[in-house]
Amino acid sequence: MSPVRRAVLGSAVLLLVVAGLLPVAGMILRSLTAGGHLGFEAYRGLLGSARQWSLAGNSLLLAALTTVAALLLGVPAGVLVGRTDLPGRRLLAALLAMPLLLPPYLNAVAWMAAGSASGPVARVLGEGAARTLSHWLFGLPGCVLVLSTAFMPLIMLLVAAALRGVPPRLEEAGLLAAPWRTVLLRISLPLAAPAILLGAALVFLLALGDVTVPPSFRYPVFAVESLSQFSAFYDLSAATAAAMPLAAITAAVLGLEALVSRWTGAGTAGRGREPGPPPTVPLGRFRLPAAVTAWSVAGLLVGAPLLILVLRAGGPASYAAALGQAGGSLVRGLLLAAVGGTLLAAEGFLLAVLGVERPRGAGAAADATALFLFAVPGAVMGVGLIVLWNHPWANLIYATPLILLLGYLARSTAVTLRICRATLELVPPGLVEAGRVAGIGWGRRLVWILAPAAWRGLAAAWLAGAVFCLRDVGMTLLVHPPGWDTLPVRIMTLAANGAPELIAALCVLLVAATVIPVGLLAGLVGRMEAGS
Amino acid sequence: MSLLALEDVRVTFGHRVALDGVSLAVEVGERLVLLGPSGCGKTTVLRLLAGLAVPDRGRVLIGGRLAAAEGRLLVEPEQRGLGMVFQDLALWPHLSVAGNLELGLRARGTPRTDRRRRVRAMLELVELGELAGARPGELSGGQQQRVALARALVLEPEALLLDEPLSSLDLELARRLRTEILRLQERLGFTLVHVTHDPEEADQMATRTLRMDRGRLAG
């Protein structure tokens with residue numbers, strides 16, 4: 001390995017370790033040394049409390065139900081938008097994917113507005129219906145509804161991508177003996193099973209660690225405990241101990257997922273992929289009913305909440321007030337997202353290069369680490385960062401936005417790594433080999449050949465990275481330095497006692513700040529692709 | 001009436017013409033070999049017959065019945081009664097050897113006991129009875145080739161389409177498997193359409209050979 005290569009790729013790995021693994025390790029150490037000596041003191045209080053066990057039960061139930069609901073919605077949606085001739089499938093995919101780009105509690109705000117005394121349900125169906133909706137939403141059902149809508153796109157996108165990666169020849173061999181329905185059920189979906197499993201594991205963990213939706217619906221869960229131990233009581237030892245079970249469950253679920261994936265034949269889909277789009281599955285006489293159903297579900301779960309927020313916000317006065325109260329947070333959030341997206345794209349690209357060059361060794365370890373850190377709840381990562389960096393010698397990091405950038409790197413590198421890796425695998429190896437034969441060094445091959453060849457992936461990684469920075473709440477809420485709160489955090493803090501119109505207007509602004517850049521960039525890339 | 005027929009077909013992929021004005025007929029029981037260099041359109045002929053592609057112009061007939069014409073697919077692939085062995089074999093990696101053979105029978109509603117019996121008999125025929133529970137990835141190249149052949153034949157097709165399935169094997173193994181295919185053809189009586197770029201293979205397999213070049217039948 002050349003010195004440049006070792007230095008560049010080594011730095012990328014080191015950054016991931018410092019940003020993500022060290023805080024988790026520091027947290028483990030802190031939880032074991034509470035009271036100044038090695039022991040399990042912090043855990044004794046936690047494990048001996050019946051309330052904590054009840055919270056853990058609530059969390060697991062919420063995560064399991066959310067996963068089941070997300071699978072029921074996400075797998076058919078992935079099939080429909082990924083492979084069939086459903087009318088408007090691209091627009092449908094974009095609409096259904098939108099909740100993934102936004103903090104989940106936005107939907108909670110919208111549904112609560114729908115069920116309020118002056119909300120649209122009360123106006124159209126009467127106060128009784130609004131009370132029934134509100135009564136039903138508060139508690140577990142509301143949390144499952146909002147979180148499954150928020151995380152379902154993960155499963156949809158993974159299933160669609162995996163189905164597009166199934167070698168067409170395997171399906172054609174099936175088509176000689178069976179209709180498309182059987183081929184999808186018996187060949188294509190089983191080959192996409194590892195992707196479905198990964199999606200289910202991630203949804204489970206993200207639902208388990210969410211700290212924004214359960215408090216909105218007054219449903220007590222374990223992840224909020226860690227957050228409140230720190231933010232309400234400033235008890236770092238208790239917060240650390242409360243965070244540890246979530247980190248352990250994250251590692252266990254991802255380990256189990258990797259094990260089961262290997263057993264079910266992970267990686268079979270996608271191998272030997274032929275160039276060109278995979279064959280489209282004709283829906284035939286089911287095309288119209290499938291389109292009506294899919295669009296109705298998307299309208300209800302994604303379109304309706306957005307419409308409710310816009311209606312609730314009212315006229316320009318609300319937006320003016322929102323900008324007056326939180327304009328600075330919006331600008332700061334966008335600035336941090338732009339810088340964070342750039343760092344995440346670069347880190348993801350370098351780790352993806354490592355993954356392509358060393359698929360079984362360091363590359364696989366970096367990928368697994370990034371995935372673990374992605375699934376670790378935001379509040380847990382926040383506590384870890386505080387434990388590691390809240391020292392006078394680290395003020396340059398802890399008291400500045402650098403702490404947020406480190407947190408973003410820890411939490412979202414998995415996203416940009418996966419996008420870059422998928423793009424790099426499509427770059428013909430001959431392009432890089434030709435550069436090598438021509439005597440171009442590794443670093444220059446990276447900048448002159450590989451990065452330009454994978455520019456679409458890099459652009460998508462930057463955008464995804466920026467969006468994931470902008471939507472983060474759990475970690476940002478805990479570690480943002482004074483004067484550096486972002487818009488999602490500002491909305492969370494105002495939500496408790498702010499006017500409903502103001503909160504709705506802030507939510508609409510956040511949606512616009514996220515969706516407009518995504519739409520513009522997607523349109524630009526689409527136009528450039530059409531032009532080439 | 002011919003078992004399989006193409007009438008003046010033209011197939012294009014974007015601006016590239018893959019087949020132009022190709023007409024051919026395959027009679028019951030014959031062994032037709034299409035011989036030609038890579039990219040001459042041999043595989044496209046097989047895909048038209050199998051129903052995996054449709055002609056932009058011209059007609060495809062299966063057993064005298066119109067199966068595809070002028071950009072329209074009229075008979076679905078699974079309703080044509082044909083078997084196909086792909087160049088890369090396309091074995092389903094998540095299913096066992098027996099599972100690969102059983103899926104088509106299951107899709108056709110064959111009862112479980114009958115299915116098991118036919119799969120066992122076919123695996124015995126290709127001398128793979130011992131490996132029914134193995135996954136394709138655990139087999140050698142020659143064994144995988146025989147599984148692909150058995151998977152196509154277990155459905156008792158009227159014709160078998162072979163898309164250069166022996167091209168990746170070493171010479172000796174390829175020669176042995178050709179002999180085996182001929183033995184099976186003699187025993188089961190199916191019609192054979194085989195494409196290859198290897199003249200020696202064509203000589204051994206064919207009762208009739210057609211040469212192809214740049215999307216047309218030559219001579």
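## Where the two chains meet

Chain B and chain A bury about 1,700 Å² between them, and 67% of that area lies on carbon and sulfur atoms. Please keep in mind that this is a predicted model.

## Salt bridges across the interface

Over all chains, the structure holds 28 salt bridges. Between chain B and chain A the count is 2.

Let us visit both pairs. Arg47(B) forms a salt bridge with Glu172(A), and their closest N and O atoms are 2.7 Å apart. Asp88(B) meets Arg169(A) through their side chains, with 3.9 Å from N to O. This pair crosses between chains: Asp88(B) sits in the loop between β7 (82-85) and α2 (97-107) of chain B, while Arg169(A) belongs to helix α9 (residues 168-175) of chain A.

## Helix α11 of chain A and its partners

Now for some helix packing inside chain A. Two packed helices are described by the angle between their axes and the distance between the axes. Take helix α10 (residues 180-191) and helix α11 (residues 193-209) of chain A: their axes come within 4 Å and cross at roughly 60°. That angle makes α10(A) oblique to α11(A). On the α10(A) side you will find Leu189(A), Pro190(A) and Leu191(A), which meet Ala193(A), Pro194(A) and Ile196(A) in α11(A). By class, this contact has 6 nonpolar residues, with no polar and no charged ones.

α11(A) also packs with helix α17 (residues 362-375) of chain A, at an angle of about 40° and with the axes 9 Å apart. α11(A) and α17(A) are therefore oblique to each other. To see the contact, look for Leu198(A), Leu202(A), Leu205(A) and Leu206(A) on α11(A), and for Leu371(A), Phe374(A) and Ala375(A) on α17(A). What classes do the residues of this contact fall into? The contact of α11(A) with α17(A) has 7 nonpolar residues, no polar and no charged.

## A roughly antiparallel pair

Further along chain A, helix α21 (residues 429-437) and helix α22 (residues 442-453) have axes that come within 10 Å and cross at roughly 165°. Since angles over 145 degrees count as roughly antiparallel, α21(A) and α22(A) are therefore roughly antiparallel to each other. The crossing of α21(A) past α22(A) is right-handed.

Which residues make this contact? From α21(A) come Leu431(A), Val432(A), Gly435(A) and Arg436(A), and from α22(A) come Arg445(A), Ile449(A), Leu450(A) and Ala453(A). The residues of the contact of α21(A) with α22(A) divide into 5 nonpolar, 1 polar and 2 charged.

Technical notes
Residues numbered from 1 in each chain as written. Chains lettered and ligands numbered in written order. Predicted model: local features only at pLDDT ≥ 70, side-chain atom pairs only at ≥ 80, totals over all residues. Heavy atoms only, no water. Axes fitted to C-alpha atoms, helices over the stretch in contact; angles between N-to-C directions. Helix = DSSP H or I, 4+ residues; strand = E, 2+ residues; numbered from the N terminus. Parallel < 35°, antiparallel > 145°, perpendicular 65-115°, else oblique. Left-handed = near helix turned anticlockwise from the far one by under 90°. Contact = heavy atoms within 4.5 Å. Nonpolar A, V, L, I, M, F, W, Y, C, P; charged D, E, K, R; others polar. Buried area = accessible area lost by both parts, 1.4 Å probe. Salt bridge = Lys/Arg side-chain N within 4 Å of Asp/Glu carboxyl O.
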